[in-house]
Amino acid sequence: MTYSTTSANPTSYAQANAYTPLNFPELVSAIIHINEEHYDELLGFLTAFTSLSSEDMNEANVQLVDIYAEAIALQIQYKGTKKTSAQAHNPTFFIAFTAPITQFSDLNTQYILLKQQADKKLGKKTIKLTKQTFLVQDRYKVSQNMLRLELTGSTLDVSNKNSVPVDEAGYAYLFDLAHNASASQNVGDKASPTRAHCYYTLRKAWQTSDGVRAWVDVFLHGDTPGGHWASSLQIGDTVMSKREFPEKTAHLQDGQALLIADETSMPTVARLLELWDNPIPPLVLCVTQELADQAYFDAVKIGTDKKNGDKTRQSTECQTDNNFMLLPLVAGKIHSGKELAVLIDQTLANYLTNHPLQIEKVWGALEAGTAKALRGLIQQRLGLERSDSVIKVYWRKD
Ligand SMILES: Cc1cc2nc3c(=O)[nH]c(=O)nc-3n(C[C@H](O)[C@H](O)[C@H](O)COP(=O)(O)OP(=O)(O)OC[C@H]3O[C@@H](n4cnc5c(N)ncnc54)[C@H](O)[C@@H]3O)c2cc1C
């Protein structure tokens, strides 16, 4: 059975034939990527653009099965044994793009437009394709390999649409490394930068008398494009972002949470902790290659910037028995792939043997291979609903 999104009325099987097939070589891996990394967005499309309720999607697996020039095709695969006759056919819904795709790079734009429309309908914050220019006010190390950029900018005005969120953890900016290419390339260095953009998180932002000031913390992993960009920046340079989006953390409002960070996601977890508004403090598993980098969390206090409630009471409690538990994992050369996922899972298992905790929510961000393997291991160990566990990809091993 197939459905279109305009009316969400059942249409005939012939409907797939109404769309133009695409034969870009990158399409299969794009479909796999969207299914693995953007599952909740697929649910959002169905909720926003069809008459399906979240109950209809309980006990079901949603799959992006194809991308046509004019639409994406989402199939609902019901798992239960008691299926209705409509469910038995694994219904397919076509979600129409704003404009047809003619080249592979259009997919990114059209997908973002769909996401923006869906988030708007659902009343959620969304990805913005906004250019912002920031001025580097200061730069200094906050732990062995973490470089802090302190930024301001003429557009950093909380009253306009380019405002910088002061109370969101994990809000990420796509920085344009090419904007500083001449500054960061050595004279005579003809090698072109291997990547033009890099995501970094807003570690923290706060209002001052002359606007908003922001920290962006960049972990330096040796001679990499992102690290090279950050360490070449000087006070007075400008940096430019081209895209920004909020992080998925709403599920952490209640219940016993586990936060899993590596070097790249420590800034997100640090801000999550400062804004922590859940009565139960989280368990934080922090994996780094070097022991010295664990010190990043030394200066982080739970609940110090929380949005609501009595901060004084919270910080007093934090200093006594309401602090977060930091479980450090120094993994040496194991920094990616399934091997690291197994190590993280084993470290968690050992901890839970001695400290029986009922973990109800998970947020983490790691290398792609680690994130993929860890999702399965965490699911096996904790048996959480898909919506209660968010394990993101923050970087990829070459
Ligand atoms: C939403 C989002 C938010 C992010 N926020 C931050 C942030 O606030 N701070 C931050 O530092 N990064 C953050 N990242 C990661 C960042 O975008 C880069 O992917 C990452 O720092 C690696 O980029 P690079 O140019 O340094 O190295 P790449 O060119 O991506 O990698 C080159 C090689 O460097 C090595 N390498 C890279 N990263 C690591 C690592 N973590 N551990 C060990 N070896 C590594 C590997 O050998 C890798 O193959 C974020 C990513 C996303 C998606």
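How many of the 11 residues of helix α2 (residues 39–49) are buried? The count is 8, so α2 is largely enclosed by the rest of the structure; buried denotes under 20% relative accessible area, exposed over 50% and partly exposed the range in between, with a 1.4 Å probe and protein chains only. Helices (H or I, at least four residues) and strands (E, at least two) are DSSP runs, numbered from the N terminus.

The model is predicted: local features need pLDDT of at least 70, side-chain atom pairs count only at pLDDT 80 or more, and totals for chains, interfaces and linings use all residues. Residues are numbered from 1 along each chain as its sequence is written, and side-chain values use heavy atoms, with hydrogens and water left out.

The buried set in α2 comprises Y39, E41, L42, G44, F45, L46, A48 and F49. These residues pack against α1, α3, β3, β4, β5 and α5, where contact means heavy atoms within 4.5 Å.

An open sheet of 5 strands has the order β14-β13-β12-β15-β16 with parallel pairing; two strands pair if DSSP finds at least two bridges between them. Strands β14 and β16 stand at the edges with a single partner each, so one side of each lacks a neighbour in the sheet. Strands β13 and β14 pair over 6 bridges, and V284 has L326 in β14 as its bridge partner. Helix α8 packs on this sheet, touching β12, β13, β15 and β16.

| Cysteine | Relative accessible area |
|---|---|
| C198 | 8% |
| C286 | 0% |

Across the whole structure, 0 disulfides (cysteine sulfur atoms within 2.5 Å) are found.

Terms used
Axes fitted to C-alpha atoms, helices over the stretch in contact; angles between N-to-C directions.
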